[in-house]
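Look at the structure below.

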Amino acid sequence: MRNKKNRLILRSVILVMLSAAIIFVLYSNFAKDTKKVAAIGEEAPDFVLKDLEGNEYKLSDYRGKGVFLNFWGTWCEPCKDEMPYMQNQYKKYKDEGVEIIAINVGETKIAIENFAKQYNLSFPIVVDESGEVQKAYGIFPLPATYLINSDGIIVDYIESTMTEEMVQQYMEKIKPE
């Protein structure tokens, strides 16, 4: 009799836990779908992030310029491939009103500095330590790039490795007229 009671209690506890897990998953998925993330045709969510020297970069300060907003990590192989292309095109387009803001997804200062030196990067690199900007833009996986026009509107989203020709075409797309 005692064993039957213990089994009934154990089964009830397991049933309650499974029910709670199912409710949590359903709620999480429902809540995730209703969160506002950056979308093509809408204004890019503003943010303020700091570079490795502590200088602040605010997206809205770049109004009037095209912004090539790239999310990356030092461990990301496709990021390593496209960084030299971005650097090459940045040299060409920065005087034509196109800026790159490279958002690292919260790695250590030394890892980012070593990466930037290795690839001779001269465009701004900022760090999203809290992951808030990454969440606001719905970033996953890396690399990911948003193209933002001079009016602050998102015109494209790229979540694949880019060739140098692609980077050049995207910069041309957001170059102010």
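The face of α3 turned away from its buried side carries the exposed residues Ile110, Lys117 and Gln118. Exposed means over 50% relative accessible area, buried under 20%, and partly exposed in between (1.4 Å probe, protein chains only). This is a predicted model: local features need pLDDT of at least 70, side-chain atom pairs count only at pLDDT 80 or more, and totals for chains, interfaces and linings use all residues. Residues are numbered from 1 along each chain as its sequence is written, and side-chain values use heavy atoms, with hydrogens and water left out.

**Helix α3**
- Helix α3 spans residues 109–118, and its buried residues are Ile112, Phe115 and Ala116.
- These residues lie on the same side of α3, because they cover an arc of only 100 degrees around the axis. The arc is that of the directions from the helix axis to the C-beta atoms.
- Helices (H or I, at least four residues) and strands (E, at least two) are DSSP runs, numbered from the N terminus.
- Asparagine 120 follows α3, and its phi is positive, near 50 degrees.

**What covers the buried side**
- The cover over the buried residues of α3 includes β3 (66–72), α2 (77–93), β4 (98–104) and β5 (125–127).
- Contact here means heavy atoms within 4.5 Å.

**The disulfide**
- The whole structure holds 1 disulfide, defined as a pair of cysteine sulfur atoms within 2.5 Å.
- Cysteine 76 and cysteine 79 form this link, with sulfur atoms 2.4 Å apart.
- The link is right-handed, with 80 degrees about the S-S bond.
- Cysteine 76 is buried at 2% relative accessibility, and cysteine 79 is buried at 0%.
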